[in-house]
Amino acid sequence: MRSIRTTITAITIVAILTSFLSVFAASQSIMRSETDRNSVSMMNLIDQDAQKSLEKYFESIQQSVEVAANIAIEDIDSVFLAECGVLTTGTETVSQTEEQAAALAGYLAQYCGRIQQYFAGVADYTQGVTSYFYCIDPQISDLEQGFLYQKVGKTGFIRQSTPDVAHLEQEETLGASWYEAAVGMGCPGWVGPYTDAERWVCTYFVPIYKSGMLIGVMGMDIPCDTLVEQVDTIQVYDTGYVSLLDGKGHVIYHPDCPIGSNLKEFGSSLLTEILLRDSSGEELLCYTSGTQERQISFSTLSNGMKLVS
C-alpha cells in the first residue's frame, strides 16, 4: 500500500511539473513572439519616419535639377547643332570644320549663359545644395565645357573652373569617374558617395539629350553631412542606431565605419541579402557584431539607397 501511494504521489508530482514546464515554455514562446512582433513594428516605424524625411529632401533636389534640365533641352537649337556638324543621322559621319567648331563654341557659350542664369535661381532656393553645374560632353565640343558654381562660405555660389570631364580620375566607390557613372545610367539618377574637392558628396544627375545625341550632364551636389544630419540622431532602443548605405553597400553613414567604406560588419551573405531585397518586411535579420547578437530591419529608398536600423 505504501509503495502504491508513493508511486501515485510521484506520478502526480511529475505530471504537475510537466504541465508547469509546458505552460512556462509556451508562455515564453508567446512572449518571445510578441516581443519580436513589437520590435519589428517599432523598427519599421523608425524606418518609415526616417525614410519620409529623406525622400522629401531627395525629391526637392530632383525637382530642381529636372526643372532646369527641361529648360536646357527646350532651349538648345538642334538645327544649329546639325549645321555645325554635331547631329548626324544613322551611321553618317561628318567632318567638322574649324569654322563650325568655333561657331558651335560661341553658340554653346551663350546657351550655357542662359541656362546658368535660370539654374542659379533654382539653386538659391534649394536647401543643402553645395554646387550646381552643366558639363558639355567633350564629343559635342572641346572648346566650350559648360559651367560649375560652388557655394563658398556665406557668399553664395561662386563660379569655378569647369572640370575637364574627359580626363577625370576614377572614383573608387563608383568604379568610374563621376561623369562616366552619370552618363552610364542613361537616365536621371543619384550617384554617390564619392569625393569631390576632398568632400564626400552625393549628386543628382540628369543627362541632357537632343535628337538622340548626348549634349552634356546637369546636376546638383549635396554634402553627405547633410544626409548624416537626417539620421545620426535617431536612436533605436538603448543601443541601436540607423545607418545609410548606397546601392552597392558603401557607407554613407554608420556610427562606427568611415564614409565610403565597405560595410563588413554584416558579413557578405547578409549584405548581399540587403542589397538584393527591397526591405526586411515583417521580420528582423540577425547577425553577430563582435560578441553581440544584433537584429536589423531595412528598407530601400527611391534612389536605391538602403536605410538600415
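# Reading a predicted fold, feature by feature

Trainee: Where is the place of Val 86?
Mentor: Val 86 sits in the loop between helix 2 (78–83) and helix 3. Helices (H or I, at least four residues) and strands (E, at least two) are DSSP runs, numbered from the N terminus.

Trainee: What kind of model is this?
Mentor: This is a predicted model: local features need pLDDT of at least 70, side-chain atom pairs count only at pLDDT 80 or more, and totals for chains, interfaces and linings use all residues. Residues are numbered from 1 along each chain as its sequence is written, and side-chain values use heavy atoms, with hydrogens and water left out.

Trainee: Does Val 86 count as buried or exposed?
Mentor: Start with the cut-offs. Buried means under 20% relative accessible area, exposed over 50%, partly exposed in between (1.4 Å probe, protein chains only). Val 86 has 9% relative accessibility, so Val 86 counts as buried.

Trainee: Which residues does Val 86 touch?
Mentor: Contact means heavy atoms within 4.5 Å. Leaving out residues up to four places away in sequence, Val 86 touches Leu 81, Gln 96, Leu 104, Ile 140 and Met 213. There is also a C-alpha separation to note. Val 86 and Gln 100 are 14 residues apart along the chain, and their C-alpha atoms are separated by 9.3 Å.

Trainee: Which residues touch the most other members of the largest nonpolar core?
Mentor: A nonpolar core is a set of buried Ala, Val, Leu, Ile, Met, Phe, Trp, Tyr and Cys residues joined through side-chain atoms within 4.5 Å. The largest one here has 52 residues, and Tyr 134 and Leu 227 touch the most other members. Several elements each supply at least two residues, including helix 1 (2–75), strand 1 (131–136) and helix 5 (224–231). Helix 3 gives the most, with 10 residues. A second, separate core has 15 residues, among them Leu 174 and Val 191.

Trainee: What does Tyr 134 touch?
Mentor: Not counting residues up to four places away in sequence, the contacts of Tyr 134 include Ala 72, Tyr 111, Phe 147, Ile 208 and Val 217.

Trainee: How many aromatic pairs does a search of the whole structure find?
Mentor: First, the rule. Rings of Phe, Tyr and Trp (its six-membered ring) pair if their centres lie within 6.5 Å; planes under 30 degrees apart count as stacked, over 60 as edge-to-face and the rest as tilted. The search finds 16 aromatic pairs. In one of them, the ring centres of Phe 133 and Trp 178 are 5.6 Å apart and the planes are at 55°, so the pair is tilted. Phe 133 lies in strand 1 and Trp 178 in helix 4 (residues 178–185), so this pair ties together parts that are 45 residues apart in sequence. Both Phe 133 and Trp 178 are buried.

Trainee: What about the pair of Tyr 134 and Phe 147?
Mentor: That pair is edge-to-face, at 6.1 Å centre to centre and 85° between the planes. Tyr 134 lies in strand 1 and Phe 147 in strand 2, so the pair ties together parts that are 13 residues apart in sequence. Both residues, Tyr 134 and Phe 147, are buried. They also belong to a cluster linked by ring pairs, which includes Phe 80, Tyr 107 and Phe 157.

Trainee: Which residues are buried in helix 4?
Mentor: Trp 178, Tyr 179, Ala 181 and Ala 182 are buried in helix 4. They cover an arc of only 160° around the axis (the arc of the directions from the helix axis to the C-beta atoms), which puts them on the same side of helix 4. The buried residues of helix 4 pack against strand 1, strand 4, strand 5 and strand 6. Gly 186 follows helix 4 and has a positive phi, near 75°.

Trainee: How many bridges join strand 5 to strand 6?
Mentor: Two strands pair if DSSP finds at least two bridges between them. Strand 5 and strand 6 run antiparallel, joined by 10 bridges. Phe 205 has Gly 219 in strand 6 as its bridge partner. Strand 1 and strand 6 also run antiparallel, with 6 bridges. There, Ile 136 stands opposite Gly 216 in strand 6. Strand 6 is mostly covered, with 10 of its 11 residues buried.

Trainee: What lies between strand 5 and strand 6?
Mentor: They form a hairpin with 2 residues between them. Ser 211 in the turn has a positive phi of about 55°, although Ser 211 is not a glycine. Its relative accessibility is 61%, so Ser 211 counts as exposed.

Trainee: Where is the cis peptide bond?
Mentor: The cis peptide bond joins Gly 192 and Pro 193, with omega about 10°. Pro 193 is in strand 4 (residues 189–196).
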